[in-house]
Amino acid sequence: RGASLADFAEKIGVDPASLVQVLFHLGEMVTANQSINDETLQLLGAELNYDIQVVSPEDEERELLERFDLEFGENEGDEDDLMPRPAVVTVMGHVDHGKTRLLDALRHSNVQAKEAGGITQTIGAYQVETEVDDEDRTITFIDTPGHEAFTAMRARGAKSTDIAVLVVAADDGAMPQTIEALNHATAADVPVVVAVNKVDKPTADPAKVRGQLTEYGLVPEEYGGDTMFVDVSATKGEGLDELLEAIVLTADAALELQANPEMDAQGVAIEAHLDKGRGPVATVLVQRGTLHVGDSIVAGPAHGRVRALINDVGESVEAAEPSMPVQVLGLTSVPGAGDAFMVVPDDRTARQIADQREARKRAAAQAAGARRKTLDQLFEQLEKGETEELLLILKGDGAGSVEALEEALMKIEVSEEVSLRVIDRGVGAITETNVSLAAASGAVILGFNVRAQGKATEMADRENVDIRYYSVIYRAIEEIEAALKGMLKPIY
Ligand code: GDP
């Protein structure tokens with residue numbers, strides 16, 4: 001994967017030049033040092049009668065960790081160490097139905113329960129205490145409303161959510177995004193609790209919402225089904241305790257939420273950005289094990305030693321247990337939202353794993369763009385009726401904005417002839433590393449509220465790399481849309 005033709009030749013013990021020749025006869029111009037994509041590899045395999053197995057990124061990742069005697073996710077360690085853990089909840093629903101207000105209300109209704117002097121800023125997730133059947137229970141909320149984050153994390157194989165709260169405004173009823181969110185939850189096999197919001201409004205019709213969702217298979221308990229519906233008003237703070245109780249009861253009924261706090265911590269990064277004073281800051285959700293200050297960790301292509309841990313009310317803590325969200329300081333770069341993180345034995349291991357991932361990412365991107373370097377060549381290929389891809393590298397001022405930009409780009413309607421692919425994304429200024437990746441893969445770099453750093457601009461000029469800057473998402477979308485259309489109708 002991402003290997004050069006020469007690497008491949010060495011593996012199968014032939015002269016690279018002969019492979020170049022074979023490919024040439026098959027209509028592919030590839031030099032020995034160029035990396036080859038999966039397709040070309042398959043082609044070559046068929047021609048030479050080799051059974052080529054293209055390794056999936058998941059397998060590759062597993063193999064990488066195995067080399068260090070590590071494993072992500074599957075092994076919970078000693079069964080006797082398993083302990084109950086709080087449910088992790090994502091709030092989803094149609095725009096304007098009150099997701100943000102509800103998340104705020106739940107958080108603030110609970111502030112007094114904690115010692116800290118009010119809440120200053122969110123870290124992307126928080127925990128709420130509640131009492132159910134005389135027992136103290138904790139619930140973790142992911143504070144990024146909308147299913148975009150949920151989908152992005154799931155796309156990266158990170159199962160971060162135990163329960164989805166589907167917010168439906170009682171004056172508006174089920175809307176397209178309500179159903180879309182519901183479909184996402186169902187596809188991920190995540191139980192749903194329905195928060196029927198805005199019941200304070202005179203036009204509210206909570207019964208209608210129940211009826212509508214019943215048609216989509218969410219049958220309210222009071223109608224004999226097994227989905228809990230709770231009437232709430234996020235603005236008036238009504239029904240919040242009932243909602244928390246419904247979440248706990250649903251978790252208890254449908255899931256056995258346990259984790260081993262004794263092992264090395266693992267989990268997922270839910271938000272990350274570059275802070276001027278503190279450097280890379282990532283909020284991680286601990287899914288198993290306990291994360292400690294001083295641990296060596298690797299998160300996607302980022303690594304480092306935990307310098308400090310900050311909880312959801314801004315306090316510095318020594319450790320974070322399963323289902324606890326915590327800000328991690330001490331990483332050397334910014335991981336992506338949805339990247340898995342894990343504690344490893346030492347800094348060296350962390351760096352080696354991170355380096356391997358970075359190298360793999362580069363190789364994959366290079367292979368993707370190996371056959372095309374310039375826009376002219378792209379036009380030529382389009383003229384010949386071949387399909388082409390516009391490759392993009394996204395850089396922005398926060399993981400959230402990068403994610404939002406990517407989501408919006410993915411929604412652009414493209415024709416069959418052209419497609420759009422983001423090969424790398426990250427937080428912070430555009431660096432020489434980004435430019436060299438763009439040069440190698442023929443990608444265009446989009447900077448969202450960030451600029452090129454140091455020699456990156458110079459290098460981009462030299463390497464003919466197109467860098468475009470934006471401060472509003474729709475401008476970026478407009479331009480890329482125009483570019484794609486331009487690709488279809490090149491003007492000579
Ligand atoms: P989101 O797009 O789902 O995050 O929705 P918001 O939380 O931004 O809410 C959209 C609008 O609905 C805002 O103007 C809120 O003040 C209003 N809103 C949210 N919850 C309630 C509620 O319980 N009652 C009333 N009357 N208005 C609400």
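This is a predicted model: local features need pLDDT of at least 70, side-chain atom pairs count only at pLDDT 80 or more; totals for chains, interfaces and linings use all residues.
Leaving aside residues up to four places away in sequence, which residues does Glu-406 touch?

## Glu-406 and its surroundings

The contacts of Glu-406 are Leu-394, Val-422 and Arg-425, once residues up to four places away in sequence are set aside. As for where to look, Glu-406 sits in helix H12, which covers residues 399-410.

Is Glu-406 buried or exposed? Its relative accessibility is 15%, and buried means under 20%, so Glu-406 counts as buried.

## H1 against H2

Now for the start of the chain. Helix H1 (residues 5-12) and helix H2 (residues 16-25) have axes that come within 9 Å and cross at roughly 115°. Angles of 65 to 115 degrees count as roughly perpendicular, so that is the label for H1 and H2. The crossing itself is right-handed.

Who makes the contact? From H1 it's Leu-5, Ala-6, Phe-8 and Ala-9, and from H2 it's Pro-16, Leu-19, Val-20 and Leu-23.

## H13 against H14

Further along, helix H13 (residues 432-441) packs with helix H14 (residues 456-463) at an angle of about 15°, and their axes are 9 Å apart. Since angles under 35 degrees count as roughly parallel, H13 and H14 are therefore roughly parallel to each other. Their crossing is right-handed.

On the H13 side, the contact uses Glu-432, Val-435, Ser-436 and Ala-439, while H14 brings Ala-456, Met-459, Ala-460 and Glu-463. The class count for H13 with H14 is five nonpolar, one polar and two charged residues.

## Strand S20, covered on both faces

How many of the five residues of strand S20 are buried? Five of the five, so S20 (residues 444-448) is largely enclosed by the rest of the structure. In a regular strand, side chains alternate between the two faces of the sheet. Here, one side of S20 carries Val-444, Leu-446 and Phe-448, the other has Ile-445 and Gly-447, and all of these are buried.

S20 also has a partner: strand S21 (residues 467-470) pairs with S20 in the parallel sense, over four bridges.

Conventions. Residues are numbered from 1 along each chain as its sequence is written. Side-chain values use heavy atoms; hydrogens and water are left out. Axes are lines fitted to C-alpha atoms, for helices over the stretch in contact, and angles run from 0 to 180 degrees between N-to-C directions. Helices (H or I, at least four residues) and strands (E, at least two) are DSSP runs, numbered from the N terminus. Angles under 35 degrees count as roughly parallel, over 145 as roughly antiparallel, 65 to 115 as roughly perpendicular and the rest as oblique. A crossing is left-handed if the near helix is turned anticlockwise from the far one by less than a right angle, and right-handed if clockwise. Contact means heavy atoms within 4.5 Å. Ala, Val, Leu, Ile, Met, Phe, Trp, Tyr, Cys and Pro count as nonpolar, Asp, Glu, Lys and Arg as charged, and the others, Gly among them, as polar. Buried means under 20% relative accessible area, exposed over 50%, partly exposed in between (1.4 Å probe, protein chains only). Two strands pair if DSSP finds at least two bridges between them.
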